[in-house]
Amino acid sequence: MSPVQEQRLQRLKERLNIPYDETRPDHQEALRALWSASFPDAELSSLVSEQWKDMGWQGPNPSTDFRGCGFVGLENLLFFATTYPASYQRLLLKKQGMRATWEYPFAVAGVNVSYMLIQLLELNAERPKSLPGINFIKVLSEHEDAFDVLYCIAFEMMDAQWLAMRASYMEFKEVLEATKQQLERELSLEDVNGIHDLPAYNLLYK
């Protein structure tokens, strides 16, 4: 690994180790920013509110849903909302395709996508051994925010799989697994050097 790759991978791993802490002002601020980016015309009454269910959190306090993957789950959603707002809004509001009667909850699905990516890229291991993980390190040297952009791509892929499979909420795990396999294939392509080399990158728009 090059020094740049080492440094960026280390920085990413440090991010993954930060638990969500609802008492930290910066974490509270990030949560408020997520609400504003998601629903710019609606004011959030408080950080614990039934309003969060509109976004697809399980209850009135989103902090309980971050336990699975920590603060990075919130960072990923916020990055998506602010970097690719058109894509984000389309998925949040389920604007495209024949939607199921029992849709996947958007925010909880987002946390699941973060967790899936961490596993796929072997970010909890000392060094990635699989081709997708190794190729991701190459991509990381080209793009410092590769993990966050890849998250946005994975979320788009997941929604496309959901529509293609005509899934309902009970099949969410299968949809996530199919997304993981598709991402694995794309990250195993020989000519992947940058994030723009992934075929699914074209799903994103601002």
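Modeller: Gladly! Angles here run from 0 to 180 degrees between the N-to-C directions of axes fitted to C-alpha atoms. Keep in mind that this is a predicted model.

Colleague: Why is α7 called oblique to α8?

Modeller: The axes of α7 (residues 146-164) and α8 (residues 172-186) cross at roughly 125 degrees and come within 9 Å. Roughly perpendicular covers 65 to 115 degrees and roughly antiparallel begins over 145, so α7 counts as oblique to α8. The crossing is right-handed.

Colleague: What makes the contact of α7 with α8, and how do its residues divide into nonpolar, polar and charged?

Modeller: Among the residues making it are L150, M157 and W162 of α7, with F172, L176 and L183 of α8. The residues of this contact divide into 10 nonpolar, 3 polar and 1 charged.

Colleague: And why are α2 and α4 called roughly perpendicular to each other?

Modeller: Their axes cross at roughly 85 degrees, coming within 10 Å. That angle lies in the range 65 to 115 degrees, and α2 and α4 are therefore roughly perpendicular. L34, A37 and S38 of α2 meet Y88, Q89 and L92 of α4. By class, that contact has 4 nonpolar, 2 polar and no charged residues.

Colleague: Which residues have the most contacts inside the largest nonpolar core?

Modeller: M55, F147 and F155 do, in a core of 67 residues. Helix α7 gives the most to this core, with 12 residues. Beyond its neighbours within four places in sequence, M55 is in contact with residues including L34, S38, Y88 and L92.

Terms used:
Residues numbered from 1 in each chain as written. Predicted model: local features only at pLDDT ≥ 70, side-chain atom pairs only at ≥ 80, totals over all residues. Heavy atoms only, no water. Helix = DSSP H or I, 4+ residues; strand = E, 2+ residues; numbered from the N terminus. Parallel < 35°, antiparallel > 145°, perpendicular 65-115°, else oblique. Left-handed = near helix turned anticlockwise from the far one by under 90°. Contact = heavy atoms within 4.5 Å. Nonpolar A, V, L, I, M, F, W, Y, C, P; charged D, E, K, R; others polar. Core = buried A, V, L, I, M, F, W, Y, C linked by side-chain atoms within 4.5 Å. Buried < 20%, exposed > 50% of the residue type's maximum accessible area, 1.4 Å probe, protein only.
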